[in-house]
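Hello,

I am handing over a structure for you to look at. Please open it first, then read my notes below.

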Amino acid sequence: MLIGELSRRTGVHAHQLRYYESQGLLTPRRHPSGYREYADDAVVTVIQIRRLLEAGLSTQDIRYLLPCATGTAPDLAPCAELVDTLRDRLDGLDARIDTLSRSRQALHAYIDATERRMSYVH
């Protein structure tokens with residue numbers, strides 16, 4: 001199928017499909033005229049990519065994990081890269097959550113201290 005049909009079947013814009021190709025996530029066959037032709041299984045691959053992106057994974061992460069993906073959920077088969085990549089991503093999220101929590105606590109402390117000082121003024 002051509003890129004327009006893949007776009008219609010997946011709901012993903014053609015420019016995003018070209019981006020996935022540039023990231024090594026999709027590999028269409030090229031016609032001599034330059035047209036991209038995708039195999040039927042590209043629909044499942046695009047759905048997998050979208051769902052993995054929704055999980056917060058980068059296209060670089062997905063490039064490593066995609067060979068482990070099966071089905072549209074996607075289910076992830078046990079691959080060596082899989083657990084390490086997912087753990088690294090989770091560690092990064094945990095670090096950002098910790099940073100945000102500390103920032104939240106600091107802001108609460110500033111607000112509380114300022115409100116206490118304001119009550120003395122009135």
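This is a predicted model: local features need pLDDT of at least 70, side-chain atom pairs count only at pLDDT 80 or more; totals for chains, interfaces and linings use all residues.

Residues are numbered from 1 along each chain as its sequence is written, and side-chain values use heavy atoms, without hydrogens or water.

Start with helix α3, residues 42–54. Helices (H or I, at least four residues) and strands (E, at least two) are DSSP runs, numbered from the N terminus. The expected span of a helix is 1.5 Å times one less than its number of residues. For the 13 residues of α3 that gives 18 Å, and the end C-alpha atoms are 18 Å apart, which agrees. Its buried residues (under 20% relative accessible area; exposed is over 50%, partly exposed in between; 1.4 Å probe, protein chains only) include V43, V46, I49 and L52. G56 follows α3 and has a positive phi, near 90 degrees.

Now the salt bridges (a side-chain nitrogen of Lys or Arg within 4 Å of a carboxyl oxygen of Asp or Glu). There are four.

- R9 pairs with E5 at 3.6 Å. Both lie in helix α1, four residues apart, about one turn.
- R36 meets E21 at 2.5 Å, N to O. This pair links distant parts of the chain: R36 is in strand β2, E21 in helix α2. R36 counts as buried, at 18%.
- E37 pairs with R29 at 2.6 Å. R29 is exposed, at 53%, whereas E37 is partly exposed, at 27%. Elsewhere, shared partners join E21, R30 and R36 into one network.

Best wishes
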